[in-house]
Amino acid sequence: MSTTTPVIPTQTKVAIFGTASLAFCGILVETSMNVTFPTLMHQFHTTLATVQWVTTAYLLAVAATMVITAFIQQRFRWRTIINVGGAGFVLGGLLCTVAPQLWLLLFGRIIQAIGTGLALPLVFAQIMTQVPFTAQGRFTGTAGMLIALAPSLGPTYGGLVTQLLSWRLIFGITLPFGLIAWLITAKTIRQTQAPRSRPFPLCQFGLVVAALILLIFSVNNLSTHGLSLVFVWLPLLLAVLAVLTFTRSATRTTHPLINLAVFQQGNFTRALLIYFFIQFIQIGLTFLLPNFAQLALGKNALVSGLMLLAGSLCSAILSPLAGKLMDRRGIRRPFQIGSGFLLLATLSLAGLAQHLSVGLIISLFVGLFVGFQIGFSCLFNNALTYGLQQLPPQLMGDGNALFNTLQQYSGSLGTAIMAVLITLGTRMAPSASSTMQTTLGTQIALWFSLIIIMIVAALALTTKPIANMADDQHQSRSSNH
């Protein structure tokens, strides 16, 4: 690895920071709402299964938007994309701030999600095309510091605002920061290639969106309909058929929505799976732990949000450091360190699941979540950097779209599955108190999380470093930009 420090224009740095800041605001309000569910249930007189769509619908809309980012970034000017994204964040936030009914809150969330879905992929598109290969890990880690910080900081911010002010101000407070980030980015963003005209594969897009929605619909119905043929198995089957039809169509056209040739790179697929599973558990835990604290331990939104604060700070500090470690030592070292922390922390959390209490939540339990965040920081952004480095320039946009789409969809799926597992406690112990039912569901969810993390560790620990030939090729490609 080269030890020389590449020179990157200040305008590029500011544009990357501005885009990452706008994405941070979007993801912050996304996870801030997790701690408001009991409040929203009371205000709108509805159930947890209904209210969780405040997060699930947002993540679905972000994922659906990110599916088309490879097309959008080639078809339109990046300044136009960031202007639409910034306007969507501001308009959606205003609707959420004043929403008198749940449906309008959901509508505002979807508009804001489209804005976030347009902004987030631009962060990594700029890094992978305008930053030299030898500094991409550091830049991805630094920009990813904001993005990785948001899911953990969100519950703390949401709990603080909800407890001291009002849940509506979760949106109101972030609006000026998002507006400033939008204007800064619009002023400084540039792109290396001019937009080019290409047809939009509307049918393929419809198939992908249908698959994403049907899968979430199937998972959500598990909590209310069990293994129902109509409400669970039928939408699941239709989701699989939609994926198969999309795959068939994408491999037979010259202008696919996403070029599936990216999966011919085995290490790219491995990195994508690591990225997906880690985010799945990360977002799932930020939903699981605050709701357990409120529904089972009787704590308020502020305390349940503060549970995750220490972990968010560790993630913020370690993400750029983990990126530097990858630049200097290759991918194996941060993957080894991260896997060790993830396994130890998740195993301990699952082992303590039978003994959850206020004392453990405040002390040991919080410490274990910090350990989880250390492992998360070592793997998450480095998996994205490593995966994209496997691809030739013409497939970079497709790979970026897949990473960002699955990042958001994994959060949506993680939230939905954790909600199902919590309600499973009610089915398994129908005569028990609501506290015992929630505790039992939390235990099941934590053991399930351990299984997923074991899969992540197996993938990470068998990852091979980039070959010298590929390394030289990517360095040459980056220097040309």
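**Exercise 1.** Work out why Phe276 counts as buried.

*Solution.* Start with the cut-offs: buried means under 20% relative accessible area, exposed over 50%, and partly exposed in between (1.4 Å probe, protein chains only). Phe276 has 15% relative accessibility, so Phe276 counts as buried. Phe277, with a relative accessible area of 18%, is buried.

This is a predicted model, where local features need pLDDT of at least 70, side-chain atom pairs count only at pLDDT 80 or more, and totals for chains, interfaces and linings use all residues. Residues are numbered from 1 along each chain as its sequence is written, and side-chain values use heavy atoms, leaving out hydrogens and water.

**Exercise 2.** Classify the ring pair formed by Phe44 and Trp167.

*Solution.* Rings of Phe, Tyr and Trp (its six-membered ring) pair if their centres lie within 6.5 Å; planes under 30 degrees apart count as stacked, over 60 as edge-to-face and the rest as tilted. The structure holds 12 aromatic pairs. For Phe44 and Trp167, the ring centres are 6.2 Å apart and the planes are at 65°, so this pair is edge-to-face. Both Phe44 and Trp167 are buried.

Now try Phe276 and Phe277: their ring centres are 5.5 Å apart and their planes at 70°, so the pair is edge-to-face.
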